[in-house]
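This report looks at one interface between two chains and at the surroundings of one ligand.

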Amino acid sequence: MGILEVKGVNKRFGGLQALGDVNLSVAENTVHAIIGPNGAGKSTLLNCLVGKLIPDTGSVMFDGQSVLGRKPFEINQMGISRVFQTPEIFGDLSVLENMMIPCFAKRDGAFELNAIPSVASQKDVLEKAEAMLVDMNMADKRHMNAASMSRGDKRRLEIGMCLSQEPRLLLLDEPTAGMARADTNNTIDLLKQIKDERDITIAIIEHDMHVVFSLSERITVLAQGTPLVEDTPENIKGHPKVREAYLGESA
Amino acid sequence: MNVKPDFSKNANMATTAPAFLSVWDMHAYYGESYIVQGISFNVHEGEILALLGRNGAGKTSTLRAIARLDDPQVSHGEIWLDHKPLHNMSSYEAATVGLGLVPEDRRIIAGLTVEENLQLAQIAPPIGWSIERLYELFPRLGERRKQEGVTLSGGEQQMLAIARALARDIKVLLLDEPYEGLAPVIVDEIEKTLIHIKEQGMTTVIVEQNAVRALELADRAVILDTGGIVFDGSASEVLENEELRAEYLAI
Amino acid sequence: YTNEPTGSSVTLGFNVPQTGPYADEGADELRAYELAVEHLNGGGDGGMMNTFSSKALQGNGILGKKVEFVTGDTQTKSDAARASAKSMIEKDGAVMITGGSSSGVAIAVQGLCQEAGVIFMAGLTHSNDTTGKDKKANGFRHFFNGYMSGAALAPVLKNLYGTDRNAYHLTADYTWGWTQEESIAAATEALGWNTVNKVRTPLAATDFSSYIAPVLNSGADVLVLNHYGGNMVNSLTNAVQFGLREKIVNGKQFEIVVPLYSRLMAKGAGENVKGIHGSTNWHWSLQDEASKAFVKSFGTKYGFPPSQAAHTVYCQTLLYADAAERAGTFNPCGIAEALEGYEFDGLGNGKTLYRAEDHQCFKDVLVVRGKENPTSEFDLLEVVEVTPAAQVTYAADHPMFAGGQLGTCNSGT
Amino acid sequence: MFGLDKKDTTMLLVVAIMALCAPFILNPFPAGSAMAQFNAGYPDLMQRFVIFGIFAIGFNILFGLTGYLSFGHAAFLGVGSYSAVWMFKLLSMNVIPAILLSVAMAGLFALLIGFVSLRRSGIYFSILTLAFAQMSFNLAYSVLTPITNGETGLQLTLNDPRVLGVSQTADGSIPVTSLFGLEMRSTYEMHLGPWLFQFNAGYYLSALIMLASFYLAIRIFRSPFGMMLRAVKSNQQRMNYTGLNTRPYTLAAFVISGMYAGLAGGLMASMDPLAGAERMQWTASGEVVLMTILGGAGTLIGPVVGAGFIKYFENIFSKINDNVLHQWFAFMPDGLEDAMVFIVHPFIGKGWHLTLGILFMLVVIFLPGGLVEGGQKIAAWVRKKRKKGSDDTTTKTEPAE
Amino acid sequence: MDAILLQILNGLDKGSAYALIALGLTLIFGTLGVVNFAHGALFMIGAFCSVTVQRILTISFETVDETQKDFLGNPLKVKTPYVESWFGPETGAAIIDWSVPIAILFAIPVMLAVGYIMERGLIKHFYKRPHADQILVTFGLAIVLQEVVKYFYGANPIPTGAPDVFKGSFDFGVMLGFEANAIIYPYWRLVYFGFAALIIGGVFSFLQFTTFGMVVRAGMADRETVGLLGINIDRRFTIMFGIAAAVAGLAGVMYAPINSPNYHMGMDFLVLSFVVVVVGGMGSLPGAVLAGFLLGILESFASMNEVKSLIPGIDQIIIYLVAILILLTRPRGLMGRKGVMEE
Ligand SMILES: Nc1ncnc2c1ncn2[C@@H]1O[C@H](COP(=O)(O)OP(=O)(O)OP(=O)(O)O)[C@@H](O)[C@H]1O
Ligand SMILES: Nc1ncnc2c1ncn2[C@@H]1O[C@H](COP(=O)(O)OP(=O)(O)OP(=O)(O)O)[C@@H](O)[C@H]1O
Ligand SMILES: [Mg+2]
Ligand SMILES: [Mg+2]
């Protein structure tokens with residue numbers, strides 16, 4: 001029984017069957033990659049997990065509890081964090097503040113009227129956020145306005161924000177797209193390290209095979225809304241159908 | 001650090017072939033931040049130039065400056081396209097004389113369908129590929145022509161952004177991370193397309209984090225770091241130069 | 001007492017609407033105030049000072065002090081009016097506040113003057129409440145009120161339209177409208193008229209079509225518009241547009257009545273006022289000596305005849321000055337005493353009484369009609385009847401005016 | 001100090017000193033001089049400055065931090081005023097219970113309206129608040145007259161029951177509002193040469209309350225709660241997926257700012273016991289929006305500056321008439337004097353709206369971000385210029401990395 | 001039954017004014033995304049175009065008539081409009097009588113120019129600024145425009161009549177078999193209704209059947225990208241603004257005979273028109289028109305005595321109540337587009 005159990009999920013957009021009978025089981029403390037052609041329904045599947053979309057049918061269980069019908073913030077408080085395909089950060093806030101907000105959410109829960117003490121006096125949160133910035137290698141940008149960072153930096157910030165929440169399940173939607181090779185490698189290392197240190201489960205969508213193969217323990221290939229195969233990286237690499245439909249010559 | 005290219009040693013600047021797109025000593029600011037710090041390079045007709053560098057090096061800013069967008073503001077320098085002074089033009093004028101930019105965050109216009117996004121590109125002359133021909137290139141778009149552009153999957157949006165640029169009759173195509181978020185097979189497709197249009201005389205500048213792929217495609221490469229040019233030479237030279245690759249591209 | 005003048009001059013506060021819908025009325029009031037000050041200080045031709053029955057005023061200011069004034073903007077909002085009046089009292093040292101163009105403002109400022117210990121001479125305010133349930137010892141009103149309009153109009157309406165009529169009231173939905181509606185309905189019902197319906201219209205309404213359209217079908221043959229200002233201009237315009245006046249209902253010609261008229265409003269409604277009856281406090285075409293003198297000095301100075309608002313505030317300024325002279329002091333209590341129960345003549349409405357019990361003024365009321373063939377842009381109304389004061393006088397404890405207490409005069413010490 | 005950092009402490013102290021010395025600062029011209037017209041140091045206007053300051057500070061907690069633009073905040077001010085006046089009528093002339101009730105009632109009202117309106121965001125939210133406020137205004141003007149006394153406004157009368165107090169004073173007038181016996185209207189006048197300074201009890205009470213509100217606002221701005229509100233403004237989607245429930249945050253901000261408005265309303269009634277429906281009209285809500293934007297939305301001190309600016313024009317410029325103009329220009333030759341009066345005439349007195357409108361436009365066009373930010377920018381620019389003069393190195397912002 | 005029909009008719013007419021004003025506003029606010037508090041002022045300027053044309057046509061010379069006296073007892077100066085002396089009293093009077101329709105011709109260039117100047121001179125710099133700044137600047141502008149009009153025309157309403165042929169009312173009831181006077185309707189309001197339909201139709205066909213609307217919408221969503229596609233979006237914004245100003249102005253021109261124009265009439269309509277636009281849904285032209293008619297009709301119903309006695313004060317709040325109900329049940333109003341001004 002995995003920490004995440006997706007059973008028989010269907011999702012239609014008008015005439016388009018974006019997800020058709022998806023079953024997926026992610027084992028605790030593993031990295032599970034979901035790959036597949038563009039428009040296969042990968043992001044849609046993630047949307048169903050975090051409460052952005054509600055599947056037409058099927059069930060999604062996290063740690064034995066259903067997430068369906070819960071609001072996004074409730075699902076997050078259950079322990080699921082998500083990095084988006086296009087960076088979602090607090091553009092008007094500084095990098096440090098961006099990092100602090102998830103720390104607050106972790107510490108105080110979904111709402112806390114913490115209106116009198118100053119932010120500066122919240123030492124625990126500050127330290128945690130600073131430490132995360134150092135981990136993400138962006139401590140020198142801490143006072144920068146998040147919106148004026150380059151795109152790769154935004155993405156790294158977002159990953160950092162999700163990590164600082166210490167989620168139990170981390171969902172990554174193309175986390176290294178547009179990231180420089182050096183940072184991609186850093187990120188891979190960081191994810192590996194974090195996974196080992198803290199009992200964290202990761203589901204990752206990626207088109208960069210380097211990332212997929214160096215991180216994941218299992219891979220599900222999604223095509224036209226349905227899982228094509230699920231297997232270990234080695235087997236996927238050699239799978240003829242996957243090569244043909246997705247990887248192309250370059251793999 | 002502000003490294004100005006040494007023009008005397010630069011084989012490229014000295015070449016006799018006339019430059020088609022020429023950037024000369026360009027400086028650009030975001031408000032107070034000095035980002036593009038004196039950049040000069042030439043692109044010849046029918047050539048593919050890879051513009052490389054780490055996150056935040058200033059690649060996007062350079063492309064945006066060439067495309068004459070409001071931000072960053074060019075404070076000094078000249079940009080010539082086919083003997084026309086782009087530096088005196090606004091972005092729509094630059095577009096009418098043949099400049100096309102595929103922006104890094106795709107910029108699919110909300111509220112318009114796929115087809116309308118393409119039609120929009122064909123309102124102002126000159127008009128390039130027909131919409132039908134674009135659908136042939138990207139069948140996925142054809143299938144989704146009535147869908148709202150922003151609900152496309154990430155990769156589909158990227159296709160639309162490229163298609164939109166080709167829908168106009170352009171002389172120079174500026175691509176900002178065109179492969180980002182695309183499945184490997186599609187990357188192969190697009191690469192083929194780029195080679196195809198290059199054969200028809202298109203001049204291309206490509207910014208890409210997947211440096212190896214870009215360099216294999218490109219004729220020449222320019223490497224940026226902190227807003228200045230640190231290398232300008234042939235693409236194969238970079239592929240061969242370990243040191244350069246390690247220092248600026250981490251590959 | 002508050003703001004006792006110590007120097008060689010005395011300051012009066014003229015608080016009128018300078019912005020908002022009543023700005024033109026306010027501007028006319030200001031003109032009259034300036035004229036009054038000029039006359040009090042001995043300038044100009046003296047205007048009604050010459051016809052005024054009291055001869056206490058010398059043309060040397062008030063009690064020998066030169067009259068100065070400050071102006072302010074009420075914006076026709078009680079808050080703003082009070083703020084403006086307060087600044088006159090607190091900052092400029094005004095001993096008397098006067099002006100205004102609506103009952104809400106008059107009542108608010110009257111309350112303030114009572115608390116601050118200065119005299120308030122209400123400007124244009126027609127609600128029964130000003131000298132009814134909201135009367136104050138420091139406040140005086142020269143203008144007539146809703147009850148008086150009813151009392152003056154009723155006999156004229158009886159003569160014109162008979163005793164068998166069905167009236168439909170459209171009433172602005174706020175206190176002034178209600179008191180006027182009550183007064184007019186009572187007066188016409190006393191004639192034998194039947195009140196078919198009383199419909200309240202929102203103050204903010206600009207288009208009255210949905211209120212007017214059902215009138216014809218209701219069996220009513222007279223429409224009473226208890227509206228003032230922009231409301232009245234629009235509702236009357238709409239009523240005429242709907243062709244009400246051409247209709248025959250119950251075998252009678254359909255009629256419209258606008259109980260409270262003013263020339264500025266008549267101007268706004270244009271041709272639509274022709275032949276429509278209403279009441280007014282004063283009109284420039286009156287031929288008594290006082291009115292003629294006032295029209296002359298006002299007209300010579302400004303080039304057009306004064307409005308009833310101008311007349312009212314001019315009179316009040318003179319009356320205040322006169323009372324101060326007679327009392328020999330600016331102490332509000334002295335002045336109030338001098339004004340209470342004071343009877344005089346020569347200010348344009350015949351013999352006039354400032355009643356002590358409620359500080360309401362009793363004088364002749366005019367019934368006017370929109371003129372069919374105006375000779376100029378000012379010549380819009382014609383006086384149909386001058387209803388003598390006796391006929392519009394009511395008992396001080398009349399139920400329509402019950403509820404409040406005058407209290408005692410406050411001199412601010 | 002006070003749990004604030006140095007910059008905020010300095011700002012608070014500056015504001016405190018300005019507020020306490022306002023009777024001097026606002027009365028720079030000798031009484032009776034031609035320029036005395038510009039003096040603003042009389043009790044009523046000073047009270048208005050600080051009371052509208054409170055209103056705007058509170059509004060800014062909602063608008064400046066969360067970006068939710070309420071167009072109905074005047075409703076809370078009105079509710080506060082009505083509550084206070086009723087308290088004076090029924091209970092006692094002491095301002096404390098009145099103000100407490102105002103704040104509580106406004107808070108309740110805000111909870112109700114906020115709960116419904118915050119289901120929507122952006123312009124849809126603005127229109128919902130506007131609709132609620134306009135409904136309140138229209139009802140207060142008409143059918144609710146028994147509670148609000150309609151157009152005339154709710155006033156004290158000689159027959160108010162007043163449980164803890166008398167209906168009338170011995171000399172038959174209405175008692176005045178007080179703080180445990182200290183009358184709000186009592187004013188100490190200080191003559192200093194030709195100058196006249198007025199120290200009014202009501203003003204000082206209001207000013208102290210304003211300082212307390214301001215202090216509280218600083219704390220809120222600098223707190224995690226304040227940061228969350230800014231995050232709501234920046235990206236609600238991210239908030240939700242970070243496990244934060246935005247609704248209670250925005251609702252709390254809405255209620256707090258509603259209570260500030262109620263406080264302002266209660267104070268207003270305490271200074272001058274009258275409550276009129278027009279305090280709830282959309283124009284009144286619009287006014288606080290303008291004050292906040294004019295001063296600088298999202299800045300701490302901006303709203304107070306904006307409030308002062310608008311109230312100053314309303315009360316001072318509207319009172320300048322041609323007579324005053326003639327006084328000013330009296331030193332000029334006659335023809336020139338008349339010409340000057342003619343030129344200035346449309347902008348003063350009944351034209352004060354015109355001046356205000358023009359100033360609004362000038363401020364937004366030339367000082368984006370409002371008076372405060374504009375002032376800062378000008379200061380920075382001047383500083384830079386001066387620096388540039390001494391050494392000619394342009395500051396280059398190094399790009400990241 | 002007849003009472004209901006009557007109120008529907010009334011509502012349609014009221015609604016056509018609301019719809020027309022909201023249509024202009026939604027072009028600027030819903031489409032260009034500029035919170036334009038000066039829109040009411042544009043409507044008001046339109047109405048004053050009628051006043052101005054009337055004034056121009058009645059420019060008169062004075063002759064002294066010794067037989068009559070003016071208010072000061074001097075001989076009366078009688079004014080005769082030049083048009084009457086040029087074209088003869090009858091034609092002259094007819095021309096003056098038709099001043100409102102004539103004003104349409106006058107108002108179109110005037111309003112286009114006002115819109116052009118306003119956009120180029122001011123609004124252009126505010127597309128990228130926060131809505132708050134737009135509010136402040138357009139509110140300032142609205143005040144200035146109002147005050148200028150007040151300076152020249154005063155605060156009092158100025159009567160501006162419709163041509164004589166359109167005075168009086170038309171008895172619909174008789175046509176439908178009801179009693180006489182059951183359902184009457186002023187001619188001019190019929191004209192207004194028709195006029196509104198014409199303008200609404202015109203604007204719709206211009207924006208729906210051409211790519212213009214799409215380009216402007218795209219430009220509002222993302223100016224930068226539209227520029228990259230070679231489109232001069234600024235020019236299109238200017239044209240859009242000019243059209244919006246003209247629509248607002250024409251709504252005002254024709255409204256003048258219904259209610260005498262005064263300088264603050266724009267403010268009276270301002271809040272209402274924002275409500276209509278938002279209830280209709282941001283960015284939706286049909287939404288604005290639909291909401292205009294809907295609110296007009298509901299307002300008419302609420303003013304019926306039967307309804308008022310059931311729910312006291314309902315006519316005071318109906319519009320706001322309906323707005324609240326609609327916005328709570330339909331997140332983006334009746335027909336709003338996603339993402340327009342939701343932040
Ligand atoms: N709101 C929507 N309405 C209609 N179609 C949608 C919507 N959202 C997604 N789709 C369609 O559903 C399909 C699956 O989209 P999804 O974003 O899940 O793809 P993906 O696997 O993440 O692809 P990519 O790798 O390109 O990001 C796509 O074809 C997309 O166009
Ligand atoms: N709007 C902005 N305001 C201020 N600074 C900006 C802005 N946009 C980018 N920058 C800064 O300019 C620098 C260059 O950014 P740019 O986006 O050009 O980098 P890039 O080379 O494209 O990086 P990436 O590979 O991450 O896309 C970065 O340091 C970034 O922080
Ligand atoms: Mg995706
Ligand atoms: Mg980039």
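## The site of ligand 2

A residue counts as near a molecule when one of its heavy atoms lies within 4 Å of that molecule. In this predicted model, 20 residues are found around ligand 2, and those that come nearest are Ser148(A), Ser150(A), Gly56(B), Thr60(B) and Ser61(B). Because the residues that surround ligand 2 come from chains A, B and D, the site is shared between chains.

The largest share of the shell, three residues, comes from α2(B), and the shell as a whole divides into six nonpolar, nine polar and five charged residues.

## The interface of chains E and C

Contacts between these chains involve 41 residues of chain E and 52 residues of chain C. The area buried between them is about 3,400 Å², with carbon and sulfur atoms giving 48% of it; Phe71(E), Asn156(E) and Asn181(E) supply 18% of the area that chain E buries against chain C, more than any other three residues.

Two salt bridges are found across this interface, and one salt bridge joins the side chains of Asp207(C) and Arg189(E) at 3.0 Å, N to O. Between chain E and chain C, 23 residue pairs are in polar contact. On the side of chain E that touches chain C, α1(E) gives the largest share, five residues, and the residues of that side comprise 17 nonpolar, 15 polar and nine charged.

Key
Residues are numbered from 1 along each chain as its sequence is written. Chains are lettered from A and ligands numbered from 1 in the order in which they are written. This is a predicted model: local features need pLDDT of at least 70, side-chain atom pairs count only at pLDDT 80 or more; totals for chains, interfaces and linings use all residues. Side-chain values use heavy atoms; hydrogens and water are left out. Contact means heavy atoms within 4.5 Å. Buried area is the accessible area (1.4 Å probe) that two parts lose on being put together, summed over both. A salt bridge is a side-chain nitrogen of Lys or Arg within 4 Å of a carboxyl oxygen of Asp or Glu. A polar contact is a pair of N or O atoms within 3.5 Å; within protein, one must be able to donate a hydrogen and the other to accept it, and residues adjacent in sequence count only if both atoms are side-chain atoms. Helices (H or I, at least four residues) and strands (E, at least two) are DSSP runs, numbered from the N terminus. Ala, Val, Leu, Ile, Met, Phe, Trp, Tyr, Cys and Pro count as nonpolar, Asp, Glu, Lys and Arg as charged, and the others, Gly among them, as polar.
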